Amino acid sequence: MSTETTDALPAVTLRIGSEIRTHAQGVHEHVNPATGQVDARVPMAGPAEVDEAVQAAHLAFATWKATPAAERGRALLKLAELVEAHVDEFTELGIADNGTPRTTARLSVDAAATWIRYYGGWADKLPLGRISSTVGAGGVFGHTLRQPYGVIGAIITWNAPLMSLAMKVPAALAAGNTVVVKPSELTPLGVMLFADLVHEAGIPDGVFNVVTGGADAGAALVEHPLVKKVSFTGGPETARKITATAAQTFKPVLLELGGKSANIVFEDADLDAAAQQAAVMAFAIMTGQGCAMPTRLLVQDSIHDEFLAKVAAIAGSFSIGDPQDPSTICGPVVNQAAIDRIEAMVARAQDDGARLVMGGSRGDGELAEGFYYLPTILADVDPASELAQKEVFGPVLAVMRFSDEAEAVALANGTDYGLSGYLWTADARRAIRITEELETGEVIVNGAPNAVTERPFGGIGHSGNGNEGGVEGLEEFFWTKSVAYGNG
């Protein structure tokens with residue numbers, strides 16, 4: 001199986017102010033998920049390097065905050081142009097980072113540029129403060145100011161690193177903050193090109209900094225007194241640690257966490273379109289490694305068997321293999337630990353009574369060298385079981401039946417997560433009723449796109465708090481100051 005990229009991989013470095021460092025306290029060996037072979041060495045920052053990066057960002061903050069908003073916007077718009085101009089390089093690095101198939105990797109570059117451009121356009125149109133006044137003798141003029149926090153600590157995810165950057169950094173910079181990013185050591189390659197382009201776009205040194213590293217680097221970033229807010233994308237367990245640390249100094253946190261999203265399909269739905277979406281989002285996009293994927297499929301009794309057969313047929317047609325091949329639909333998962341986790345959860349689900357419809361094993365033959373797991377469908381899943389309640393983060397779909405609206409809503413809301421919800425029905429009144437009842441940060445009806453730039457994206461419960469996207473995503477990076485002037 002050929003998995004060579006068209007260009008050599010970039011050296012992974014720390015970006016601290018104007019300095020580019022190739023060495024740190026330790027080294028992590030990056031493994032190509034498609035081959036299982038080491039292809040890069042990642043310097044692992046410790047608390048000392050994190051402190052230097054935060055100090056650089058703090059020093060740059062005074063200048064960046066005072067930079068005219070229109071100038072900040074122009075730099076971000078230039079960055080969006082540069083990202084689009086380097087689409088081929090970002091695509092190759094996305095493939096190398098975590099085995100994302102070529103088509104998906106390329107689409108993510110387009111989406112990232114859209115997010116950057118959106119917030120670049122907001123920079124000189126920032127939300128204004130509220131004005132109030134009391135007229136007459138002794139009257140008071142009052143208003144509010146929306147002010148940037150200062151240094152933002154951004155800890156991004158491994159499953160979509162470029163998108164995670166685009167969903168956090170442009171909004172923070174547009175608002176006048178500076179940023180220290182800690183990418184996952186599993187996927188640092190695309191971040192290197194992004195950092196190069198930030199510099200090329202004219203954004204001053206120190207405004208954007210990168211420290212690759214593990215849990216100790218993340219902890220040092222969260223607890224640093226000069227980091228005024230933390231934006232984290234990842235899992236609930238790490239989020240609990242971040243929240244506990246931030247609580248010691250009452251530091252605000254934005255948490256975009258996991259999901260166990262339900263996809264509700266009623267008998268009056270467009271079954272072909274719904275089946276296509278169910279299969280693509282469960283297996284094709286990032287091989288199921290996404291927080292907002294509809295990994296629970298809830299199907300009305302009257303169409304259950306017919307619809308399940310449609311989904312299985314579509315999933316069975318997906319080509320699995322080399323992510324470099326444009327025809328590949330499903331690539332590998334990120335590493336051996338992911339394979340072990342997925343295998344164990346699928347085995348336990350069957351022990352709990354779930355029925356294996358397709359998949360349920362690693363890839364063999366040429367696929368055996370990499371971290372491939374076949375698209376897997378399990379039916380008759382107990383709603384209280386682990387598979388229905390916990391994220392798999394892999395190409396595994398849990399299917400359950402329902403009889404009516406009330407049962408569908410109860411099943412959909414029957415987890416601790418609340419990120420995304422999906423609904424298929426031809427009945428507009430039903431759609432309105434159910435979207436009001438679903439306890440999720442977003443509801444996607446009849447195949448609309450999810451997590452788009454102009455709408456807020458965030459969850460409740462174990463899916464986190466706060467928003468990325470829309471004006472709400474911009475407002476996350478301001479704090480409010482109340483001002484009043486007397487006439488004394």
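Is I131 buried or exposed in this predicted model? I131 is exposed, because its relative accessible area of 61% lies above the 50% cut-off.

View 1. I131 belongs to strand 5, which spans residues 131-133. The exposure of I131 corresponds to a relative accessible area of 61%.

**View 2. The salt bridge between R117 and E84.** The closest N and O atoms of R117 and E84 are 2.9 Å apart, and the two residues form a salt bridge. This pair links distant parts of the chain, with R117 in helix 4 (residues 102-122) and E84 in helix 2 (residues 69-85), 33 residues apart. R117 is partly exposed, with a relative accessible area of 31%. E84 also counts as partly exposed, at 37% relative accessibility; both values are in the class between 20% and 50%.

**View 3. The salt bridge between R106 and D88.** The side chains of R106 and D88 meet in a salt bridge, with an N to O distance of 2.9 Å. R106 lies in helix 4, whereas D88 lies in helix 3 (residues 87-98), so the contact ties together parts that are 18 residues apart in sequence. R106 has a relative accessibility of 39% and therefore counts as partly exposed. D88, at 47%, is likewise partly exposed.

**View 4. The salt bridge between R348 and E386.** A salt bridge joins R348 to E386, and the closest N and O atoms are 2.9 Å apart. Because R348 lies in helix 11 (residues 336-351) and E386 in helix 12 (residues 386-389), this pair ties together parts that are 38 residues apart in sequence. R348 is partly exposed at 38% relative accessibility. E386 is partly exposed as well, with a value of 27%.

View 5. Side chains of opposite charge can pair when their charged atoms come close. A search of the whole structure finds 18 salt bridges.

Definitions and conventions: Residues are numbered from 1 along each chain as its sequence is written. This is a predicted model: local features need pLDDT of at least 70, side-chain atom pairs count only at pLDDT 80 or more; totals for chains, interfaces and linings use all residues. Side-chain values use heavy atoms; hydrogens and water are left out. Helices (H or I, at least four residues) and strands (E, at least two) are DSSP runs, numbered from the N terminus. Buried means under 20% relative accessible area, exposed over 50%, partly exposed in between (1.4 Å probe, protein chains only). A salt bridge is a side-chain nitrogen of Lys or Arg within 4 Å of a carboxyl oxygen of Asp or Glu.
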